Amino acid sequence: MTLARVVITGMGVVSPNGIGKEAFCRAILAGKSGVKRISRFDPSELPVQIAGEIPEFDELAWVDARERKHVSRVVPLAVAASSEAIQDAGLDPAAMSMDEKREIGVVLGTGGGAQEFSEEQYRLWHSGLFCIPSGTMGTIPSEISMRFGFRGYSHVVTAGCTSSTDALGYAYQHIQAGVQPMFLVGGVDSPITAGIIKGYTLLRALTQSWNHAPDRASRPFSADRDGFVIAEGSWMFILEDYVHARARGARIYAEISGYASTREAFHRVRMSDSPEEPARAITLALEEARIAPADVHYVNLHGTSTEMNDRVETRALKLALGKHANRIPMSGLKSQIGHAQGACGSASLAATLIAMEHGKIPPTINLDVSDPECDLDYVPDVDRKAQIEHAICNCVGFGSKNSALVLRKVA
């Protein structure tokens, strides 16, 4: 069976450092941090008081005021990014026939989903009518499907940090196999709550050193890093069969040419110190794409700003890319926006598409002190011109899950 080619024809963004793909593009190329002091609640009693928050996001522009109390914040975030992706792809759901709507699936990747909604319900000691339907992750893609009237697949992928990368892989494989010609797919998370911050603090995963200077807090690969910055956001895309896209005259950002996912089976929260499985995910994705390490022009890194994750990812890239690892420019988006949990893989894809489109690599900011064990080319501080034909989006997840996407520029 000949597999269909899969291309990306639309993109929508709601990010801590920019709402809308154009604002996000300007911000990441300029190295603009979106990390700030938490404003949604008073964090003064918490050891961590900063996050990649989006306080200027207007939820009521996307969800009716009467409905807002019945849904999680992830719903307006996902609706906003989805709306932009659909428009960017040149689609008009209102003008579609029923058959056309049945050809579009919705797949969302999320780590915590509606945790903030459930936490608020428990805080109020209240179990309302919408506690169950709005407090579970499975209903989030249904909210998107209902908003636009799409009748195809409506699924959620939740796999920790790799959730949205795996959601993209899920849609990619279904289009390849001819199941559906088009998917609205990406990631959303909004985990900025007191309970979640306390939990990650107990795990010693969050940085507690930069409450006084939030924009400097996320510092992947720097020797003085001591934890990640939690973040929220949504990054959504239209994935499409190449022939289908060409037939309707769609603008194509890039082709997804490879995807792979591995697991270390090591521990429920800790990751192994071995780079073997993260490297294998990259290698398998490259093999599927029929791309040699010598032909990779850019890697968008997972780069959480935790001591072990950054070190293991660096080792994995050296193992997978061999002698070419040191010459390939790489950058860590989380240095600018923090860690958007299950949505981080889709954020990585958005940054990579911008790099490919504009011929500029967004920088890794806050890389002030060189870590001798993290010694690749992380494009520190300033963006860099580059012609990118092939790129990797890498994800090294919490609990030892690993996923990688390979992109190819389409002439």
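Helix axes are lines fitted to C-alpha atoms, over the stretch in contact. The structure described here is a predicted model.

Helix α3 spans residues 74-88, and helix α7 spans residues 140-148. Their axes come within 10 Å. They cross at roughly 45 degrees. That angle makes α3 oblique to α7. The crossing of α3 past α7 is right-handed. On the α3 side, the contact is made by V74, V75, A78, V79, S82, S83 and I86. On the α7 side, it is made by I140, E143, I144, R147 and F148. Sorted by class, this contact of α3 with α7 holds 8 nonpolar, 2 polar and 2 charged residues.

The second pair is α8 and α14. Helix α8 covers residues 163-176, and its axis comes within 5 Å of that of α14. The two axes cross at roughly 70 degrees. Angles of 65 to 115 degrees count as roughly perpendicular. Helices α8 and α14 are therefore roughly perpendicular to each other. From α8, the residues S164, T165 and L168 take part in the contact. They meet C344, G345, S346 and L349 of α14. By class, the contact of α8 with α14 has 3 nonpolar and 4 polar residues, and no charged ones.

Helix α14 itself runs over residues 344-358 and has 15 residues. From its first C-alpha to its last it reaches 21 Å. This is close to the 21 Å expected at 1.5 Å a residue. The helix is mostly covered, with 13 of its 15 residues buried. Just after α14 comes G359, which takes a positive phi of about 65 degrees.

The arginine is R73. It lies in the loop between α2 (65-68) and α3. R73 and V188 are 115 residues apart in sequence. In space, C-alpha to C-alpha, R73 and V188 are 9.7 Å apart.

Notes:
Residues are numbered from 1 along each chain as its sequence is written. This is a predicted model: local features need pLDDT of at least 70, side-chain atom pairs count only at pLDDT 80 or more; totals for chains, interfaces and linings use all residues. Side-chain values use heavy atoms; hydrogens and water are left out. Axes are lines fitted to C-alpha atoms, for helices over the stretch in contact, and angles run from 0 to 180 degrees between N-to-C directions. Helices (H or I, at least four residues) and strands (E, at least two) are DSSP runs, numbered from the N terminus. Angles under 35 degrees count as roughly parallel, over 145 as roughly antiparallel, 65 to 115 as roughly perpendicular and the rest as oblique. A crossing is left-handed if the near helix is turned anticlockwise from the far one by less than a right angle, and right-handed if clockwise. Contact means heavy atoms within 4.5 Å. Ala, Val, Leu, Ile, Met, Phe, Trp, Tyr, Cys and Pro count as nonpolar, Asp, Glu, Lys and Arg as charged, and the others, Gly among them, as polar. The expected span of a helix is 1.5 Å times one less than its number of residues. Buried means under 20% relative accessible area, exposed over 50%, partly exposed in between (1.4 Å probe, protein chains only).
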